[in-house]
There are 2 protein chains.
Amino acid sequence: MVNELENLLSNNIKGMKRSAIREILKLTQRPEIISFAGGLPDPTLFPTEELAEVSSEVLKTEGALALQYGTTEGDALLRKLLVERYQKQGINIEEKNLIITTASQQGLDLTAKVFINPGDTIICGLPSYLGALSAFLSYGANLEGIELDQYGMRSDLLEEKVVELANKGIHPKFIYTIPDFQNPTGITMPEWRRLEIIAVAEKYNLIILEDCPYRDVRFEGAAQKTMLELDKSQRIIHLGTFSKVFVPGFRIGWAIASEEILDKIVVAKQATDLCTPAFVQRISARFIEKGLFDKNLSVIINAYKAKQQHFIKCLKEYMPSEVSWINPEGGLFIFLTLPEFIDTTELFQTAIEEKVAYVPGSTFYYNGEGRNTMRLNFSFMSLEKNEEGIKRLATAIKKEIAAKTK
Amino acid sequence: MVNELENLLSNNIKGMKRSAIREILKLTQRPEIISFAGGLPDPTLFPTEELAEVSSEVLKTEGALALQYGTTEGDALLRKLLVERYQKQGINIEEKNLIITTASQQGLDLTAKVFINPGDTIICGLPSYLGALSAFLSYGANLEGIELDQYGMRSDLLEEKVVELANKGIHPKFIYTIPDFQNPTGITMPEWRRLEIIAVAEKYNLIILEDCPYRDVRFEGAAQKTMLELDKSQRIIHLGTFSKVFVPGFRIGWAIASEEILDKIVVAKQATDLCTPAFVQRISARFIEKGLFDKNLSVIINAYKAKQQHFIKCLKEYMPSEVSWINPEGGLFIFLTLPEFIDTTELFQTAIEEKVAYVPGSTFYYNGEGRNTMRLNFSFMSLEKNEEGIKRLATAIKKEIAAKTK
């Protein structure tokens, strides 16, 4: 045995545990449990037939390229097609601004690697996507959370926090934000709020990490401009991914940034995994080129829209009146707020007894707040399962409220 | 523009540049240049037809699994099949000891992430695979190199170095080694040398990172036991990959370690890319299951054996007598030693004029030694191209020798 292994570990990894959500997901793999805990797309919507055709074609006509090492920056055709999609939205980027990543989790990891020294401060929404916080913590970051209102991260509190930190001689390395259908709350920032956040960043010379995994999964309301588009001073690192709008099993994402920042991300990726698999990049490129991506995306949006509407209908029908939520205009999640006296971590046991699972909201608050909240996923299961799960969850919540108020 | 971007970068990334080899590879993409610089497999050997069939089948029969998020540990079937391959060699591991990584570069990155604090010492061979050194440097490691002899890393110098470091209060985090067909030298450690290195590690409580990308590409001589098998005290982290023995375009590797260490690698991977693409993992698993992997591997070994024999024949025929090399028993590289007064970095320009390229050996020495050496790859090109390239390289070397000795 290696003696005193704990002493050999890096300081950053010592304190880290397996992701709470992924451990919950393991618990909930018992078939009798209906789980709202994951963030999985609906696998019945995967375009398996079309992908079988495109995969065969790629292997037969360009296998030597698709099975070989690729460049760190990514497949040239895929980068070109992605850049064109942004250009069509009026966003002025070129290939030199975009790198393919091993899904957007790697975009988070590489940004952290490029900027974070142990003890550095990162500003994030309160609550925020846990995987991003883990990536930052794994480089020894200190997190400073900014409360959200119904328009997302509060720009007034952001400026206050930046000033407070500056007074202590601390310059945050970047602001982490998910402007569209935020994970876990589902909140979307309107354009004016995005501009306010950018103005603060400009005033205090801060970088913004804009994470956009759900952006294209919009059911209603007008699309908001990305912060990448609204920014005038090249301070946005923008992350995109195919995981929610195509398939997660390819692990393809991308990062967009100024050439100067992108160069550092390339260097970091070379040391990390050299390159993202060429095979799935080339298949994705051909899939887009044939128009299959957009066709598939509208199928996904329609299906999730129906699921979301039905989910909200069921919540209204079954949940006790003490439970509230904000209707998201897109994405995969609905965030419930329960009475203050309910702790959803405690409630979890009762829920499992009722054969239903969720992610306790406090998981997304690095400071342990949000104890009366929970995140529910509506994209993965059928309408019937979602309805049955909501019934079970409502029963568990009612029991907990009764127990706490008797 | 972000002001003073340089000041916002992490200390680890500030000093890092794009990989020298990958930049050389870009230079040598001019079609008239014959390049021995890469480390690429021969794409004409990729089993494209068989993979087209297996991919289609996977998508049609288990697409919901193959296109979904996977677990961080990796595809259950692939892990089972890999573990069985090790068990057949008499290596006593179970699934809980193996995690799938995004090729072995990620195994290097995750090991670095788990163990290295800025300023920590890592021991490596002198010379060593550059990508590994970059991974360690990207976490702020200090490197201590141990000279190789014809049996690989010298165990006497290793012990001396460990004692010297201990006297300064320094405990190295791990020893990095490539026991089979080392990159760049092609040297293989005999069993007795492996045992000596393990004995030093045991005596001083050190972890060994055993990197085995080429192990199964053996043309002659008996396979040596892995350090994983020889070790009796669970201090080996063993890395494997499909890149050289199947296809690099899938980016599939794996790390094997004690349960205790593997648990930390899983935590690190969760923060890094969540999981390796499920799609290519499942295709690989089915490819192995059908017996296609072993069939393909023997095709690769035979082809590379023929290339290597022909390459050495040509070296003997064309190179001036001042140039020497060790015949590797496997792998993808031959390492040339030139007269002491030749600097292969200076020679590079002459070589490019002769339309041939290589990697200067000093690239693999973190301390700038090895200036009279170079690494040549023999796996990628045809016999004809290899021969023509060797002729050109011999011309360049003769010119340089003549210029330096006139």
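This is a predicted model: local features need pLDDT of at least 70, side-chain atom pairs count only at pLDDT 80 or more; totals for chains, interfaces and linings use all residues.
1. Start with the two copies.

2. Next, look at where the chains touch. Chain B brings 72 residues to the contact and chain A brings 71 residues. Of the interface residues of chain B, 99% are also interface residues in chain A, so the copies meet through the same surface.

3. Which elements give two or more residues to the side of chain B that touches chain A? In chain B they are helix 1 (5-8), helix 2 (11-14), helix 4 (48-66), helix 6 (103-115), helix 7 (130-137), helix 11 (259-272) and helix 12 (278-289). Helix 4 of chain B provides the largest share of this side, 10 residues. Sorted by class, the side of chain B that touches chain A holds 36 nonpolar, 24 polar and 12 charged residues.

4. Helix 4 of chain B packs against helix 12 of chain B at an angle of about 120 degrees, and their axes are 9 Å apart. Because of that angle, helix 4 of chain B counts as oblique to helix 12 of chain B. The crossing of helix 4 of chain B with helix 12 of chain B is right-handed.

5. You can trace this helix pair residue by residue. On helix 4 of chain B, the contact residues include Leu51(B), Val54(B), Val58(B) and Leu65(B). On helix 12 of chain B, they include Phe279(B), Ile283(B) and Phe287(B), with Arg282(B) and Arg286(B) also among them. The contact of helix 4 with helix 12 of chain B divides into 9 nonpolar, 1 polar and 4 charged residues.

6. Now turn to chain A and its domains. Chain A is divided into domain 1 (5-47 + 296-405) and domain 2 (67-292), and the C-alpha centres of these domains lie 24 Å apart.

7. How many residues of domain 1 of chain A are in contact with domain 2 of chain A? There are 34, and they meet 35 residues of domain 2 of chain A. On the domain 1 side, helix 2 (11-14), helix 13 (292-318) and strand 11 (333-337) of chain A each supply at least two residues. Helix 13 of chain A gives the most to that side, with 7 residues. By class, the domain 1 side has 19 nonpolar, 11 polar and 4 charged residues.

Key:
Residues are numbered from 1 along each chain as its sequence is written. Chains are lettered from A and ligands numbered from 1 in the order in which they are written. Two residues are in contact if their C-beta atoms, placed from the backbone, lie within 7 Å. Helices (H or I, at least four residues) and strands (E, at least two) are DSSP runs, numbered from the N terminus. Ala, Val, Leu, Ile, Met, Phe, Trp, Tyr, Cys and Pro count as nonpolar, Asp, Glu, Lys and Arg as charged, and the others, Gly among them, as polar. Domain bounds come from an automatic or database domain assignment. Axes are lines fitted to C-alpha atoms, for helices over the stretch in contact, and angles run from 0 to 180 degrees between N-to-C directions. Angles under 35 degrees count as roughly parallel, over 145 as roughly antiparallel, 65 to 115 as roughly perpendicular and the rest as oblique. A crossing is left-handed if the near helix is turned anticlockwise from the far one by less than a right angle, and right-handed if clockwise.
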